[in-house]
Amino acid sequence: MKFSDYIWMNGQLIPWQNATVHVMTHALHYGTSVFEGIRSYAVPQGAAIFRLDAHLKRLYDSAKVYRIDIRYSFEELRQACFLTVAKNRLTNAYIRPLVFRGFGSIGVVPPADAPIEVVIAAFEIDAYLGRDGLENGIDACVSSWHRTNSSTNPVLAKAGGHYLNAYLIGSEARRHGYAEGISVNASGLVAEGSAENLFIIRNGKIYTPPLAAAILGGITRDSIIQLARDAGIDVIEEAIPRELLYTCDELFMTGTAAEVTPIRSVDRLPVGNGRPGPITQMIQKRFFGLFSGQTPDRHSWLDAVPQHLYPTD
C-alpha cells in the first residue's frame, strides 16, 4: 500500500494525513462500518473503474441491513470515486469507500442522531497474494475457524465487524506457513477464503459454493461466472464438500484484491499437478484482458475516469 495525496471525507477532498477520527469513534469499538473494495485499472484510453455501480449498490445494501443511513446519493459517491482516483493522479488503484458510525455515543446501540461518516480513499497496492502467487499459485489450508453464517451475522453484507472472522482465518494460515486460509461453514461445507471466493474445476466444469453457503456475494465472483459462461464453460453453484479441495483438477480464488489467484496446494496436498491449470489460466487471461482490451467489455463493466478531473500541472 502506498499513501496518496488526498482522501474524500464527508463531501470534500482533504490531505491524506488529515483524514483522522476520534479514538471514541463507535466503529472503532464495535465494528459498525460497511465498506467496499474496488479497483481501477490502466486501460488503453486512460483509467477505468471495474464494476463501480455493482460495488456501490452492495455498499448501500450493506448499510441498509445495518440501518446505517448514507446521506449522500448514489451518484454523489460515484462521482466522488472518480474524483478521488483522478486527484491522486492514479490509474491502477485500489478504492476503499467506507461508511461508519462516528464519535458520539459509547452505547452499543447509538442514538438515531449519532454521526455517520463517509470516506473514499484511493491508493496503489501490490498484488494482494503476491505477484508470484498470481503466476504460479499459492499454498492454502483449511482453517480451524468456521465461516460465520446468517444466523449470527448478515454475511451478504460487507461490514467491518465481520472481518474479525476473516482475520482469524487468514492469520492462522500465515502462522502455519500458508499464503491464505479456506473456511468451511457450520455444516462443514466449503465456504470461501478469508476474504476471497472459491472456484473448483473438475472434469472440465467449474463449481463454486452458492450464496447460501455463508459466502459474501463477490463482484469479482459474479464477473468470473459470467466470463466462464461466455467462454462456453459450465459453472455450477452448489454445495462443495471439503474433500473436493484435495481431489479437484484446478482451484482458484477471486476477489477485488486477489483478482484471480490460482491455488496450487491445500493442506500440503497438490491441486492437480501443483501448477495453475489450463482453465484457470484461460479465466485469468479473459479477466485481465478486460483491461488490456483483449477481452471485449460486452457487459459494460468499465467506467472511464473522466480525463478532465486529472490535475493538469
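1. Ground rules. The model is predicted, so local features need pLDDT of at least 70 and side-chain atom pairs count only at pLDDT 80 or more, while totals for chains, interfaces and linings use all residues. Residues are numbered from 1 along each chain as its sequence is written, and side-chain values use heavy atoms, with hydrogens and water left out. Helices (H or I, at least four residues) and strands (E, at least two) are DSSP runs numbered from the N terminus.

2. Main core. The largest nonpolar core has 30 residues. Such a core is a set of buried Ala, Val, Leu, Ile, Met, Phe, Trp, Tyr and Cys residues joined through side-chain atoms within 4.5 Å. Buried means under 20% relative accessible area, exposed over 50%, and partly exposed in between, with a 1.4 Å probe and protein chains only. Ile-49, Leu-77, Val-85, Ile-95, Val-99 and Val-305 have the most contacts inside the core. At least two residues each come from β5 (46–50), α2 (52–65), α3 (74–87), β6 (93–101) and β7 (116–123). The biggest giver is α3, with 6 residues.

3. Second core. A separate core of 21 residues includes Tyr-41, Phe-199, Ala-228 and Ile-233. In soluble globular proteins, nonpolar side chains tend to be buried together.

4. Helix α5. This helix has 13 residues and spans 18 Å from first C-alpha to last, close to the 18 Å expected at 1.5 Å a residue. The expected span is 1.5 Å times one less than the number of residues. Its buried residues include Asn-165, Ile-169 and Glu-172. Among the elements covering the buried residues are β8 and β9 (180–184). Gly-177 follows α5, with a positive phi near 90°.

5. His-162. This residue sits in the loop between β8 (138–142) and α5 (163–175). His-162 counts as buried because its relative accessibility is 8%. Its side chain reaches the backbone oxygen of Ala-157 at 3.2 Å. Beyond four places in sequence, His-162 touches Tyr-66, Asn-153, Pro-154, Val-155 and Ala-157; contact means heavy atoms within 4.5 Å.

6. Ile-263. Strand β15 (residues 259–266) holds Ile-263. At 4% relative accessibility, Ile-263 is buried. Its contacts beyond four places in sequence include Ile-138, Leu-198, Phe-252 and Val-271.

7. Positive phi. Ala-214 is not a glycine, yet has a positive phi of about 70°. Ala-214 lies in the loop between β12 (205–208) and α6 (219–230) and is buried at 7% relative accessibility. Asp-267, also not a glycine, has a positive phi of about 55°. Asp-267 is in the loop between β15 and β16 (269–270) and is partly exposed, at 23%.

8. Aromatic pairs. There are 13 in the structure. Rings of Phe, Tyr and Trp (its six-membered ring) pair if their centres lie within 6.5 Å; planes under 30 degrees apart are stacked, over 60 edge-to-face, and the rest tilted. Trp-8 and Tyr-72 pair edge-to-face, 5.2 Å centre to centre with 70° between the planes. Trp-8 is in strand β1 (residues 6–9) and Tyr-72 in the loop between α2 and α3, 64 residues apart. Trp-8 is buried at 6%, and Tyr-72 is buried at 13%. Ring pairs also link Tyr-41, Phe-50, Phe-287, Phe-288, Phe-291 and Trp-301 into a cluster.

9. Charge over a ring. Arg-268 lies over the face of Tyr-178, 4.1 Å from the ring centre. The test is NZ of Lys or CZ of Arg within 6 Å of the ring centre and within 35 degrees of the ring normal.

Key
A polar contact is a pair of N or O atoms within 3.5 Å; within protein, one must be able to donate a hydrogen and the other to accept it, and residues adjacent in sequence count only if both atoms are side-chain atoms.
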